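Subject: A structure for you to look at

Hello,

Here is the structure I promised to pass on. Please open it alongside this message, and then read on for what turned up in it.

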Amino acid sequence: MATDEYKPLRRIADAFDSLARTVNSTVPIEAVHFSDACSRVSVLFGCLGIAFKFAEMDYVSKVEDLKAAAKSIPTLQNMLELDIKSNCVRQGGSHSRNLLRVKRGIDMVKVLFEEIVAADGNSLKDPASVAYSKVFAPHHGWAIRKAVAAGMYALPSKSQLLKKLNEDEESARIEMQKYITSSGHVIQHVEELFISRELGIDW
Ligand code: 1PZ
């Protein structure tokens, strides 16, 4: 069996699976581990076409910020606590703020996969629109929401996406389900880091 086969969906699901296992223990979540898993998600943008270039640039730059921070800050909770001390949690470009945005990115992918797994058709437009409206739309202004709505028409079909990911219906369903479960634990953990420090997650 070729172990070096190109299987990006599997790599994403495995990264979150491994991360979710550490979340379930009492050990705090490592910033390096988290940001590495989040950076694997970026490959999906390349499969969704040019329309999502802007989203890609924003997401990748925020993940890169967390990766760079992880070189000197061991855990996500350390990151939040440092920002609390410096009184810059909500400041543009802060690690805490970027963490909240990246958390939404992985949440959007989770809802997208849930919708794809539940849908019968070959369209990505409805699954992607639902995911966007649940996760990001409440936090985005009118102009961005309009641009995203326009971009939805340029999405490939589900079968085109699966082909680019080198998966068939059955294998994709398994990997998406794995990601849905494991990212759910990770997302909940990150939200609790904010909520337990009364930082809120709706900004
Ligand atoms: C298949 C469906 C694909 C749809 C992807 C739609 C993604 C939403 C596009 C949003 C455009 C991003 C514009 C930048 C928004 C920024 O203003 C905010 C706030 O940033 P800050 O002020 O803190 O610097 N950034 C965000 O909300 C993060 C956006 C990340 C988008 C990641 C989407 C992940 C989905 C992956 C699907 C492949």
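Which atom of the ligand is 2.9 Å from an N or O atom in the side chain of Lys62? It is an oxygen atom of the ligand. Before going further, please keep in mind that this is a predicted model.

**The ligand**

Around the ligand there are 22 residues, and the closest of them are Asp58, Lys62, Arg97, Arg101 and His140. An N or O atom in the side chain of Arg97 is 2.7 Å from an oxygen atom of the ligand. For Asp58, a polar side-chain atom lies 2.8 Å from a nitrogen atom of the ligand. Taken alone, the ligand exposes 850 Å², and the protein buries 88% of that.

**The annotated domain**

UniProt, in an unreviewed entry, places the feature "domain: Glycolipid transfer protein" at residues 30-167. Over that stretch the chain is 70% helix and 0% strand, and its end C-alpha atoms are 30 Å apart.

**Helix α4 and what covers it**

Helix α4 runs over residues 53-70, which makes 18 residues. From its first C-alpha to its last it reaches 25 Å, close to the 26 Å expected at 1.5 Å a residue. Its buried residues are Glu56, Tyr59, Lys62, Val63, Asp65, Leu66, Ala69 and Ala70. The cover over these buried residues includes α2 (31-40), α3 (43-48), α5 and α6.

**Ser94 and His95**

Ser94 sits in the loop between α5 (76-85) and α6 (95-118), while His95 is found in helix α6. Ser94 counts as buried because its relative accessible area is 7%, under the 20% limit. His95, at 22%, is partly exposed.

A polar atom of the Ser94 side chain lies 2.7 Å from the backbone oxygen of Val89. Leaving aside neighbours within four places in sequence, Ser94 is in contact with Asp65, Asp83, Cys88 and Val89. The C-alpha atoms of His95 and Leu66 are 6.3 Å apart in space, although 29 residues separate the two in sequence.

**Ile12 in helix α1**

Is Ile12 buried or exposed? At 0% relative accessibility, Ile12 counts as buried. Ile12 belongs to helix α1 (residues 8-23). Not counting residues up to four places away in sequence, Ile12 touches Arg40, Val41, Val43, Leu44 and Tyr179. Between the C-alpha atoms of Ile12 and Val60, which are 48 residues apart along the chain, the separation is 15 Å.

**Two positive phi values**

Asn166 is not a glycine, yet has a positive phi of about 60°. Asn166 lies in the loop between α9 (158-164) and α10 (169-195) and is partly exposed, at 32% relative accessibility. Glu198 has a positive phi too, near 55°, and is likewise a residue other than glycine. Glu198 is placed in the segment after α10, and at 74% relative accessibility Glu198 counts as exposed.

Enjoy exploring it, and write back with any questions.

Best wishes

Technical notes. Residues numbered from 1 in each chain as written. Predicted model: local features only at pLDDT ≥ 70, side-chain atom pairs only at ≥ 80, totals over all residues. Heavy atoms only, no water. Helix = DSSP H or I, 4+ residues; strand = E, 2+ residues; numbered from the N terminus. Buried < 20%, exposed > 50% of the residue type's maximum accessible area, 1.4 Å probe, protein only. Polar contact = N/O pair within 3.5 Å; in protein donor to acceptor, adjacent residues only side chain to side chain. Contact = heavy atoms within 4.5 Å. Expected span 1.5 Å × (residues − 1). Near = heavy atom within 4 Å. Areas by Shrake-Rupley, 256 points an atom, 1.4 Å probe, with all protein chains shown as cover. UniProt positions renumbered as here; feature names shortened; annotations may be inferred.
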